[in-house]
Amino acid sequence: MKILFIGDVVGSGGCEYVRNRLPSLKKEHDIAVTIANGENSAIGNGILPQSARHLFDSGVDIITTGNHVFKRKEIYPYLDETQGIIRPANISAKCPGRGLFVLDCGRDKVCVINLIGQVYMEPVDNPFCKMDRLLQKNENKITIVDFHAEATSEKGAMAHYLDGRVSAVIGTHTHVQTCDEQILPRGTGFITDAGMTGPQLSVLGVTPESIISKLTTGMPAKFETSENPCFLNGVILDIDSSSGKCVGIKRVMDN
């Protein structure tokens, strides 16, 4: 089974790029399931029901999120009511939404789990312990983990911790695609960060001018999404349905 994971989608430009390119990418690579991190898909940061629906309507099957998922209050009821969109599982159970979703593909089922890191992030439950608890109840052979974390060391540690227990651990959050895609010894695919889908000539999707102003003066600055042409980052996973192991992982940079 081929699974496409799309790195953090940024703003309306990123959403439109997904809509324009996803059908061709699916056909070209024989993609069965598409997952996208959409926590920055709304104009101005966060995610809104409109941007989530845009991604679903464009062919995305499952939307994962991260530390910006609760930036916009309009998304709260949508997280509770809508199948296929998840938020980090190791944040408070009192928060809207759920951290796991199982997509029924007929012969196969794909379980997607969203986690958030602890290092350089807001306080959350331990993601390693949370995964242990989730996997005790998980009977699905194909399990993909979106680990939304800042520290590369924490992402790598999680991948090795879960090696042989999940199909893949895909890092998100830093918006920069890493070139360390690999299959670990027990069959888990891993990349430190899938990258970003949004304006290529930018600073992590934001206009360089607003970032430079902040860094050179230390004064507050409004971060505005760049309107430059977009590209798509992600990875294609080839999963053996019978074992749930990853037998192939390939980076995607489409522009």
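## Strand β12 and its partners

In this structure, Ile 6 has Gly 234, a residue of β12, as its bridge partner. The model in which this pairing is found is a predicted one. Ile 6 belongs to strand β1 (residues 2-6), and β1 and β12 run antiparallel, joined by 5 bridges.

Strand β12 (residues 230-239) is mostly covered, with 9 of its 10 residues buried. Strand β11 (residues 196-199) is also antiparallel to β12, and 2 bridges join the two.

## The nonpolar cores

The largest nonpolar core has 24 residues, and Ile 6 and Val 18 touch the most other members. Two or more residues come from each of β1, α1 (11-29), α2 (49-57), α3 (75-81) and β12. Helix α1 gives the most to this core, namely 5 residues.

When neighbours within four places in sequence are left aside, the contacts of Ile 6 include Val 18, Leu 22, Ile 35 and Thr 197. Leu 232, Asn 233 and Gly 234 are also among the residues that Ile 6 contacts. Another core, of 22 residues, lies apart from the largest one; its members include Ile 3, Phe 5, Leu 103 and Ile 249.

## The six-stranded sheet

The model also contains an open sheet of 6 strands with mixed pairing, in the order β5-β6-β7-β8-β10-β9. Strands β5 (100-104) and β9 (182-183) stand at the edges with a single partner strand each, so one side of each has no neighbour in the sheet.

Strand β8 (residues 168-172) pairs with strand β10 (residues 189-191) in the parallel sense, over 3 bridges. In this pairing, Val 169 has Phe 190 of β10 as its bridge partner.

## Helices against the sheet

Helix α4 (residues 127-137) packs on the sheet and touches β5, β6 (109-116) and β7 (142-148). The direction of α4 makes about 155° with that of β6. Helix α5 (residues 152-162) lies across β6, β7, β8 and β10, and runs at about 170° to β8.

Methods: Residues numbered from 1 in each chain as written. Predicted model: local features only at pLDDT ≥ 70, side-chain atom pairs only at ≥ 80, totals over all residues. Heavy atoms only, no water. Pairing = 2+ DSSP bridges. Helix = DSSP H or I, 4+ residues; strand = E, 2+ residues; numbered from the N terminus. Contact = heavy atoms within 4.5 Å. Axes fitted to C-alpha atoms, helices over the stretch in contact; angles between N-to-C directions. Buried < 20%, exposed > 50% of the residue type's maximum accessible area, 1.4 Å probe, protein only. Core = buried A, V, L, I, M, F, W, Y, C linked by side-chain atoms within 4.5 Å.
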